[in-house]
Amino acid sequence: MTQFKALEKADAARRAAMVNANLNDLAAYLDEGLRWTHSSGKTEGKAALLDSIRSGSVLYLSLEVEEPHISQHGHLFIYSGIVSGDVIKSGAEKKLRNKFLSVWHLDDTKAVMLAWQSTGI
């Protein structure tokens, strides 16, 4: 499996963990120093992101990636594209359609996300 395919597989597993609220699986794909910037501009770390899913304040119903683009820089990868999906945030259902850019570290044993930034389109 190429490193690009491995990264796409890891990101698909991360999205599935978010949709299924499987926090143990999700945590395994997120670096301890994660910086997650929502399309609203709010930035939080790994613990806060996991807590928002754990508490039910955010429920991801579906997440799909379109137009993926990956570039490699040593063990770091920039993964960008469009993410679409359905989410319930604070009781209100929303449709997502955002451009995103994520930074991943990938080696022979695992892939972890270091950063996420999304912007509504």
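The structure is a predicted model, in which local features require pLDDT of at least 70 and side-chain atom pairs are counted only at pLDDT 80 or more, whereas totals for chains, interfaces and linings use all residues. Residues are numbered from 1 along each chain as its sequence is written, and side-chain values use heavy atoms, with hydrogens and water left out.

Helices (H or I, at least four residues) and strands (E, at least two) are taken as DSSP runs numbered from the N terminus, and two strands are said to pair if DSSP finds at least two bridges between them. E2 (residues 43-44) runs antiparallel to E1, to which two bridges join it. These two strands form a hairpin with five residues between them, and in its turn Gly 41 has a positive phi of about 100 degrees. E1 (residues 30-37) also pairs with E6 (residues 111-120), here in the parallel sense and over four bridges; Leu 30 has Met 113 as its bridge partner in E6.

Helix H1 (residues 3-19) comprises 17 residues and reaches 24 Å from its first C-alpha to its last, close to the 24 Å expected at 1.5 Å a residue, the expected span being 1.5 Å times one less than the number of residues. Burial is assigned from relative accessible area (buried under 20%, exposed over 50%, partly exposed in between; 1.4 Å probe, protein chains only). The buried residues of H1 are Leu 7, Ala 10, Asp 11, Arg 14, Arg 15, Ala 17 and Met 18. They cover an arc of only 160 degrees around the axis, which puts them on the same side of H1; the arc is that of the directions from the helix axis to the C-beta atoms. The exposed residues Lys 5 and Lys 9 are carried on the face turned away from this buried side. Just after H1, Ala 21 adopts a positive phi of about 50 degrees.

Leaving aside neighbours within four places in sequence, Asp 11 is in contact with Val 65, Tyr 79, Trp 104 and Met 113, contact meaning heavy atoms within 4.5 Å.
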